[in-house]
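These are notes on the two ligand sites and a few local features of the structure below. They are set out as numbered points for a colleague who has the coordinates open.

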Amino acid sequence: MFDKGILLIISGPSGAGKGTVVRELMKNDKYCLSVSVTTRAPRAGEEEGVSYYFRTEEEFKGLTERGELLEYASFCGNYYGTPLKYVEARLSEGKNVILEIEVQGAVQVKERCPDAILIFLTPESISDLEDRLRGRGTETDEVISMRLDRAREEVRLMDKYDYIVLNDLVRNATSRINGIVETEKYASERNRDFPEKFLSEKE
Ligand code: ADP
Ligand code: 5GP
């Protein structure tokens, strides 16, 4: 009972803390994370098949043409996409599947899977965001400025999301997301088959 997996999309500006919060959520085995495909070059420490599947533009194009991606989008000059098979398999096993993706992809998933929950994770302000991006030290000044411009646009698309989660402290953001998932799991809309199950139990 109440054992269906939920498709959980976590978006938010680059540097909001998505990776950090997702790592924390993943300590709970009710979640699994979909590893995306990207044409971006790996950052120091990123591993093939763990951080991303790193592919050429041509390989990426092949995936889109064969319908192997649930969604895909271009972000700051690179392509990113979600492998469809993995998501379908984990959801059918009853796992909550996390997609850490940007807004264009999030909107595509919501259209295709209206049951998905869209969460917009954000620090309190753009200056907190800049501090985090600079603190992470993984991008050049030019890329940081491109990502901040992009963040100014993304925050205006917040109304496409079901929930806004403030990432002030990682543990607060994590418990807010856990709370949303727990609540959604018991939504009557997600459990339309409950009467049948209830009535088929032996008395
Ligand atoms: P994203 O995946 O959204 O691009 P990251 O998870 O890489 O963001 O986080 C960006 C930087 O901000 C990292 O250096 C991370 O340690 C830091 N960070 C994440 N969450 C918080 C938080 N709640 N408070 C302060 N720093 C944070
Ligand atoms: P980064 O280059 O910092 O790893 O990711 C850049 C942006 O791409 C982030 O906003 C991240 O959430 C998003 N992203 C990562 N994987 C995917 C994906 O599979 N699909 C889409 N649409 N966006 C993704």
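This is a predicted model: local features need pLDDT of at least 70, side-chain atom pairs count only at pLDDT 80 or more; totals for chains, interfaces and linings use all residues.

1. Helix α1 is the element that gives the most to the shell around ligand 1, with 3 residues. Two elements, α1 (18-25) and α5 (126-136), each supply at least two residues of the shell around ligand 1.

2. The shell around ligand 1 holds 15 residues, and those that come nearest are G15, K18, G19, T20 and R136. By class, this shell divides into 4 nonpolar, 6 polar and 5 charged residues.

3. Several polar contacts of ligand 1 can be listed with their distances. A polar backbone atom of G19 is 2.9 Å from an oxygen atom of the ligand. On the nitrogen side, an N or O atom in the side chain of N167 is 2.9 Å from a nitrogen atom of ligand 1. D168 takes part through its backbone, where a polar atom is 3.0 Å from a nitrogen atom of ligand 1. On its own ligand 1 has 560 Å² of accessible area, and the protein covers 73% of that. As for its location, the space taken by ligand 1 is the largest pocket.

4. Which residues are closest to ligand 2? Of the 16 residues that surround ligand 2, the closest are S36, R40, Y52, Y80 and E102. The make-up of this shell by class is 5 nonpolar, 4 polar and 7 charged residues.

5. The contacts of ligand 2 involve both side chains and backbone. For E102, a polar side-chain atom lies 2.7 Å from a nitrogen atom of the ligand. R147 places a polar side-chain atom 2.8 Å from an oxygen atom of ligand 2. With E100 the contact is made by the backbone, an N or O atom of which lies 3.2 Å from an oxygen atom of ligand 2. Of the 510 Å² of accessible area that ligand 2 has on its own, the protein covers 96%.

6. Strands β5 (69-75) and β6 (78-83) are the elements that give two or more residues to the shell around ligand 2.

7. The loop between β5 and β6 contains C76. Its backbone deserves a look: phi of C76 is near 45°, which is a positive value in a residue other than glycine.

8. On aromatic residues, a search of the whole structure finds 7 aromatic pairs. One of them is F60 with Y72: the ring centres are 6.0 Å apart and the planes are at 70°, so the pair is edge-to-face. The class follows from the angle, because planes over 60 degrees apart count as edge-to-face. F60 lies in helix α2 (residues 57-65) and Y72 in strand β5, so the pair ties together parts that are 12 residues apart in sequence.

Terms used. Residues are numbered from 1 along each chain as its sequence is written. Chains are lettered from A and ligands numbered from 1 in the order in which they are written. Side-chain values use heavy atoms; hydrogens and water are left out. A residue is near a molecule or strand if one of its heavy atoms lies within 4 Å of it. A polar contact is a pair of N or O atoms within 3.5 Å; within protein, one must be able to donate a hydrogen and the other to accept it, and residues adjacent in sequence count only if both atoms are side-chain atoms. Accessible areas come from the Shrake-Rupley method with a 1.4 Å probe; for residues, only the protein chains shown count as cover. Helices (H or I, at least four residues) and strands (E, at least two) are DSSP runs, numbered from the N terminus. Ala, Val, Leu, Ile, Met, Phe, Trp, Tyr, Cys and Pro count as nonpolar, Asp, Glu, Lys and Arg as charged, and the others, Gly among them, as polar. Rings of Phe, Tyr and Trp (its six-membered ring) pair if their centres lie within 6.5 Å; planes under 30 degrees apart count as stacked, over 60 as edge-to-face and the rest as tilted. On a 1 Å grid over the protein atoms alone, a cavity is a set of points where a 1.4 Å probe fits but cannot get out, and a pocket is an open set with protein on both sides within 12 Å along at least five of seven lines; lining residues have an atom within 4 Å of a point. A molecule sits in a cavity or pocket if more than half of its atoms lie within 2 Å of its grid points.
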